[in-house]
Amino acid sequence: MKIRRSLLLPTMLAFGFAFLYVPILSMIVYSFNASRLVTVWDAAHSPTLKWYDELFGNAQIMDAALLSLKIAAMNATGAVILGTLAGFALARFGRFRGRALLAALSTAPLVLPEIITGLSLLLLFVAVAVDRGFWTVAIAHTTLAMCFVTVIVQARLIDFDMSLEEAAMDLGASPLRTFLAVTLPLILPAIAAGWMLAFALSLDDLVIASFTTGPGATTLPIRIYSEVRLGVKPEINAVCSIMVGVVGIAVIAASLLAKLSGTRGAPARV
Amino acid sequence: MMARLRSFRQLLRPRSFARTAVSAVPLAWLLLFFLIPFLIVLKISFSEALLAMPPYAPLLSWTHERVLSIQLHLANYHFLFSDALYLDSFLYSLKVAAVSTILCLLIGYPMALSIARAAPARRNLLLMLVILPFWTSFLLRVYAWIGLLKDDGLINNLLMSLHLIGQPIPMVASRVAVYVGIVYSYLPFMILPLYSNLEKHDRSLLEAAADLGAPPSRAFWRVTWPLSLPGVVAGALLVFIPAVGEYVIPSLLGPSSQLMIGRVLSDEFFENRDWPVASAVAIVILIILLGPIIVFQRYRSRELEAAP
């Protein structure tokens with residue numbers, strides 16, 4: 001009984017991981033397949049890099065990727081500033097006017113289906129008659145991503161008591177100096193994690209972007225979606241492999257950095 | 001101690017300008033880009049559709065006697081509940097979300113438990129393996145399933161080469177594929193809150209149960225399971241709430257004959273250009289999800305306050 005039980009859980013864990021990783025791995029493997037029929041392995045000519053070659057030659061996808069990277073960077077930076085302010089206020093200010101409203105508004109977008117957020121922002125942009133494109137998508141993503149940053153920063157600040165900040169102020173530091181010299185270094189891992197999460201969210205978002213974008217501003221997910229609706233495309237497999245590669249390297253680099261600096265890299269506590 | 005408190009209060013002085021700005025800037029952003037847009041949706045859901053741009057009638061208008069009149073147009077809501085298509089889509093979405101949540105729990109619970117009971121050194125690695133797919137594109141991970149489930153896809157090819165089936169089983173554009181896609185995409189959302197709950201359990205409770213003669217299965221149902229219920233609730237809501245409004249997965253993997261409500265909303269808006277009905281659909285989705293969302297918020301604020 002004891003032996004069987006001890007094998008049961010790891011077996012289920014292994015199956016779970018297989019479920020999570022087989023689709024991703026299959027896409028990576030088939031991105032090196034020479035055949036245009038995605039699921040037929042052309043052993044004679046594979047592995048090949050021709051889909052990567054075609055991908056980099058595909059101006060539509062490359063333009064969309066560039067636009068998405070710009071939006072993601074803009075969004076992540078804005079989200080980190082707004083989210084850090086909100087997280088700091090919620091964790092350190094005790095009771096203040098508007099606290100309940102800020103707490104509610106900064107968590108509501110996290111749980112609301114994206115399609116409602118997208119629709120409501122589009123209707124706002126129509127109501128104020130702005131041209132939709134780069135900026136409207138960036139604003140929409142910032143609104144969602146700042147809420148994730150708020151949660152992460154708030155959780156990190158709650159983990160530290162205020163005595164360090166109080167000590168700095170006892171020694172005569174101004175509130176601003178205290179924030180810059182004491183609080184900011186403490187929450188820097190949370191801010192870095194928040195920036196990366198905001199960047200990834202924006203790069204990945206299809207629903208909100210397709211509601212808030214306008215003519216001429218096709219983001220990468222919108223482009224991929226319109227290609228994929230018509231069937232499986234080998235170039236898209238190549239996009240996936242590159243993305244997994246970049247993410248893998250980033251995650252490994254982040255954990256190595258955390259180990260080297262001896263601090264616990266704050267895993268996103270979402 | 002007194003000095004400390006005084007200086008601390010200084011920072012938190014209620015009327016300090018800097019302090020007000022710190023909380024006011026994000027609050028203003030959220031009011032402008034979250035609350036007001038939402039109120040616009042609410043407003044338009046009570047408007048009458050027009051063939052104009054924007055395609056809806058204003059709620060407020062000055063009648064010729066210079067009286068401000070408000071026309072609340074309830075027809076959009078009435079329409080939703082009288083047309084079987086909408087009701088059917090709502091019920092189908094709720095069913096898909098509920099079944100997916102249960103499947104996620106069945107797959108995710110053993111995984112979370114297994115990670116929580118692994119050696120501490122291996123826990124972080126295993127946890128990272130759960131989170132890693134979450135950082136790659138959601139859209140591409142859903143797309144990967146098309147390659148697996150297609151008629152000439154990997155699964156059908158494999159089953160046919162093993163002579164288990166004579167001809168491919170049609171799996172793309174089926175209801176089963178929608179479940180596969182949702183469970184696959186949302187599984188990490190179930191595992192993470194479960195793990196963070198299970199990890200905190202005191203192992204000595206299980207040892208005590210064993211000492212008192214309880215077999216492991218009984219110890220699980222009497223000790224581990226009841227203690228893990230907050231994690232189960234959090235994980236279930238994190239899967240259920242977004243699954244109800246899911247748009248991408250059913251559009252890529254699901255049948256076109258049975259639409260989920262998120263797709264209905266988007267079709268009303270983009271295809272039929274009926275903004276009032278699309279807005280009314282959004283409001284009804286929100287009303288349905290209000291209960292689960294409030295439960296989740298309560299749970300989350302309790303977690304945040306319980307943290308040391």
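In what order do the elements of chain A run from the N terminus on? I read them off as α-α-α-α-α-α-α-α-α-α-α. I count eleven helices and zero strands in chain A; helices (H or I, at least four residues) and strands (E, at least two) are DSSP runs, numbered from the N terminus.

Ground rules. I am working on a predicted model, in which local features need pLDDT of at least 70, side-chain atom pairs count only at pLDDT 80 or more, and totals for chains, interfaces and linings use all residues. Residues are numbered from 1 along each chain as its sequence is written, while chains are lettered from A and ligands numbered from 1 in the order in which they are written.

Overall form. I noted a span of about 75 × 65 × 35 Å for the C-alpha trace of chain A along its principal axes. Chain A has 270 residues, and 47% count as buried (20 or more other C-beta atoms within 10 Å of the residue's own, with C-beta atoms placed from the backbone). I then looked at contacts (C-beta atoms, placed from the backbone, within 7 Å). Of those in chain A between residues at least 6 apart in sequence, 76% join residues at least 24 apart.

Helix 3. I checked the length of helix 3 (residues 59–92) of chain A: at 1.5 Å a residue its 34 residues should span 50 Å, and the end C-alpha atoms are 48 Å apart, which agrees. The expected span is 1.5 Å times one less than the number of residues. Just after this helix, Gly94(A) has a positive phi of about 65 degrees.

Chain B. I looked up the contact between the chains, which takes 71 residues from chain A and 78 residues from chain B. On the chain A side, helix 1 (residues 2–30) gives the largest share, 14 residues. I sorted that side into 56 nonpolar, ten polar and five charged residues (Ala, Val, Leu, Ile, Met, Phe, Trp, Tyr, Cys and Pro count as nonpolar, Asp, Glu, Lys and Arg as charged, and the others, Gly among them, as polar).

Confidence. I found an average pLDDT (the predictor's confidence in each residue, from 0 to 100) of 84 for chain A, with 90% of the residues scoring at least 70. Over residues 262–270 of chain A the pLDDT is below 50. Where pLDDT is low, the predicted coordinates should not be read in detail.

Technical notes:
A residue is buried if 20 or more other C-beta atoms lie within 10 Å of its own, exposed if 12 or fewer, and partly exposed in between; C-beta atoms are placed from the backbone. Two residues are in contact if their C-beta atoms, placed from the backbone, lie within 7 Å.
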